[in-house]
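Subject: Handover of a structure

Dear colleague,

Please find below the structure that I am handing over to you.

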Amino acid sequence: MWTYETFYDVLVVGAGHAGCEAAHAAAKMGARTLLVTMNLDTIAKMSCNPAVGGTGKGQIVREIDAMGGIMGQIIDQTAIQFRMLNRSKGPAVWSPRAQADKHLYAQKMKETLETIPNLFLMQGTIEDLLIENGAVVGISTKEGIAFRSSTVILSSGTFMQGKIHIGSTQFSGGRAGDPPSIGLSNSLSQHGLRLGRLKTGTPCRIHKRSVDFSKCERQDGEEDVRFSFKKGFSRLSQVPCYITYTSQESQKIVEQNLYKSAGYSKKMVGPRYCPSIEDKIVRFSDKERHQIFIEPEGLYTQELYLNGISTSLPFDVQVPLIRSIAGLQNAEIVRPAYAIEYDYVKSGQLQLSLETKTIQGLFLAGQINGTTGYEEAAGQGFIAGVNAALKVQGRPPFILSPQESYIGVMIEDIVSMELTEPYRMFTSRAGARLLLRQDNADLRLSHYGYQLGGLVTKEDMEALDFKKQKIKDAIQLLKRHVQVEDRSYTLQQMIARPDKSYLSVQQDYPHLVPDLEEETRFQVELELKYAGYIKRQEEENQKLKDLDAISVPEGMDFELVKGLRNEARETLKRVQPLHLGQIGRLPGITIADLNILFVAIRGFRKHPHQAPTATLEETFVS
Ligand SMILES: Cc1cc2nc3c(=O)[nH]c(=O)nc-3n(C[C@H](O)[C@H](O)[C@H](O)COP(=O)(O)OP(=O)(O)OC[C@H]3O[C@@H](n4cnc5c(N)ncnc54)[C@H](O)[C@@H]3O)c2cc1C
C-alpha cells in the first residue's frame, strides 16, 4: 500500500449528497479536505427521484443554505420546476420542492466543488479504515493508495454490501449502474460498529415519446419559489409535470403477482412513507386508484420518472403494470424499477456531533445512518463536515437543538431512535414547527454559519441584520392606531384579521404602513397573524431549553440510578444522552423517569459515588 504523501484535516468518503455538503462545509471552514469517491462522474447523482425538497425536506435545504451550505444554491440553478407544497395550509408546513435537471445538478455540484480552495477531489474506492489507538488516521483504497487524515467522514449511501432486486433476480450493486462497496462494511464491523440492513426502491423510467399526455393532468410550477437565501442565480426554463392514476387493472396485476415481489417475499425493511406500489395496494386495499406523477429527468433527455410506483416486481410484471396506467398504455420502459438492500450503521453508536462514540475522529453522515433522502443526507453532511473541521481546529462541537431547527430534530432522532425503517423527515416530527418555518431559516440560523467561520460572509450577515431591523421597525410602526367606524384599532390588529393582509391594510392606509420588500413583508405579516401561537410555542421552547441546560455529568452511570424502569435504563445506556432535554425526547421515556433522573443528576453532582432515589417532593416536571 502506497501512502499519498499529503496529509489532510478532513477526508470525506463518497461524493453523494451527504459527502458533497460535508466536504464543502469543512473546506469553507478552512480545513484541508479530500473528497474520495468511487467515480468522479457520479458526484451528487440523484439515485432516485430527480427532485429536491418536499414536506419537511424543503425546510432542511433552507436551513443548510442559511448556514452557508450548498444544496440550495445548486438546485436554484438547475431546477426545471419549482413548487411550494402545502400552500393551502398554514405557513408552518409550507415546503419548497423543485424538480431538478438531474444531470445539470450533478454537473453544477462538481463544477462548484472543484473551485473551492482547500478542497481536493480523488477517484477511489475505500476498502479499509486506518485506525491507531482508537482513533481514525486515514483510509486505504482498492486501488492500493492510503490517505492520512485527522478525521474521516463516511457517507457511502446505499452502497455498503448493496444488493439489487428485480423480482427473483438479484445482483450486487450500490445502485443501478454502480458497483457495491464491499470492503467498507467488513472494516466497520471489524472495528466494532454494529450494522443492520435496510431497503429502498425506485420506479421505472420511461421514454417521453411513448406517453399520451392528453390522458394526464398537466401540473405547472410556480415562479416565486426558491431555495437559497442568496439571490440572483439565473434560472433554467421551466417545464410541466403530469399526473395520472393507476387503474383497477393495475391493482389486479399487483395482487396476482405479489408473491413475486422481492420486497414482499423477502420481507425487507423499506420506508413506510415512500411505499412501493405493492405496499400501497396491500395497505390501502380500499383505495380505487393511486396517484402517479410523471416527472421529466432533465431538459436534454427524454427520460421520465414515474413518481409513486416504485416496485421490486419482476420486469415481465412491471411492463403490463405500467401499461395499465392511463396515458401509459404504450409506455416504453428505459430503466427497470428495482429495490436495493444495503448495510447501515445501527443507532446508538453516534454522538450528536455525528462522530462515532467508539472511534475518535470518525464521523458518519447520510444513508449510512439509516436515513433516506438527499436532503436528510445533505443536512447530516453539513453537520459532520462542520464538526470534523471544528475537531481539527480544537473547538467544541456544533450541535443544533430540535427547538431551533429541523436538522436538530433529525439528528437527535437518528442518534436516539432504534430505526425499524429508513428515516425520513416530516413537518410533524418537529414540535416547534410554527417557529421552524422554511421562510425564516436565515433569521434562525445564519448567525451560526457566520460564527463558525468561512460559511456565511460578513456582508451577508450585515444584510441579514438589516432585514431583522426592518422587521422590528415595521412592527413597531404598526402599533399606531386607526379609527374604524367608532372603534380604534392598531394597524397590527388590522393586519392580523383573517380577512386582511399587509398589502390590503397598506392600500387602506398608504401613509401609515411602510413599503417593504416581499420577504420582509412576509415575516411581518406572519409575526402579526400568528402572534399568539408563536408566543406560546416560544414559551414551550424555553421550557425545553431549560431542560437542555441540565447536562448529564461525565461518569454518571445510569445503572446505579435507583427507581428507573429497566426499559428506560437500557435506552439511556444505548444512547448516552448529553442533557435532560434530550432524555425527555427519547422514545419510551416517561415524565416519572425524567423526574428520577433530574434528582439523580443533582445527587450525582453532590455525591458522585452514591446512588440517589427521587422522592415525590423533589420532582419538578409535570
Ligand atoms: C434504488 C434507490 C431508491 C431510493 N429511493 C428513495 C426514495 O424513495 N426517497 C428518498 O428520499 N430517497 C431515496 N433514495 C435514497 C437517496 O438516493 C439517498 O437517500 C441519498 O442519495 C443518500 O445520500 P448519501 O450521500 O448518503 O449517499 P449516496 O447519494 O448514495 O452517495 C454515496 C456515494 O458514496 C460513494 N461510495 C460508496 N461507497 C464508497 C467507497 N467504498 N469508496 C468511495 N466511494 C464510495 C458512491 O459512489 C456515491 O457517490 C433511493 C436510493 C436508491 C439507490
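This is a predicted model: local features need pLDDT of at least 70, side-chain atom pairs count only at pLDDT 80 or more; totals for chains, interfaces and linings use all residues.

Residues are numbered from 1 along each chain as its sequence is written. Helices (H or I, at least four residues) and strands (E, at least two) are DSSP runs, numbered from the N terminus.

The ligand. There are 38 residues around the ligand, and G14, G16, G157, G366 and G373 come nearest. A residue is near a molecule if its C-beta atom, placed from the backbone, lies within 6 Å of it. The shell consists of 13 nonpolar, 22 polar and three charged residues. Here Ala, Val, Leu, Ile, Met, Phe, Trp, Tyr, Cys and Pro count as nonpolar, Asp, Glu, Lys and Arg as charged, and the others, Gly among them, as polar. At least two residues of the shell come from each of α1 (17-28), β2 (33-37), β12 (195-202) and α10 (374-392).

The four-stranded sheet. Strand β12 also belongs to an open sheet of four strands in the order β11-β10-β19-β12, with antiparallel pairing. Two strands pair if DSSP finds at least two bridges between them. β11 (169-172) and β12 are the edge strands, each pairing on one side only. Four bridges join β10 (residues 163-166) to β11, and I164 stands opposite F171 there.

Strand β16. Five of the six residues of β16 (residues 291-296) are buried, that is, 20 or more other C-beta atoms lie within 10 Å of their own, with C-beta atoms placed from the backbone. β16 runs antiparallel to β15 (residues 241-245), with four bridges between them; I243 stands opposite F293. Four bridges also join β16 to β17 (residues 303-307), again antiparallel, and P296 has L304 as its bridge partner. A hairpin of six residues leads from β16 to β17.

Two asparagines. Most residues other than glycine have a negative phi. N86, in the loop between β4 (79-85) and β5 (95-100), has a positive phi of about 65 degrees. N118 has a positive phi of about 80 degrees and lies in the loop between α4 (102-114) and β6 (119-123). Why do N86 and N118 count as partly exposed? N86 has 16 C-beta neighbours inside 10 Å and N118 has 19, and partly exposed covers what falls between buried and exposed (12 or fewer).

Yours sincerely
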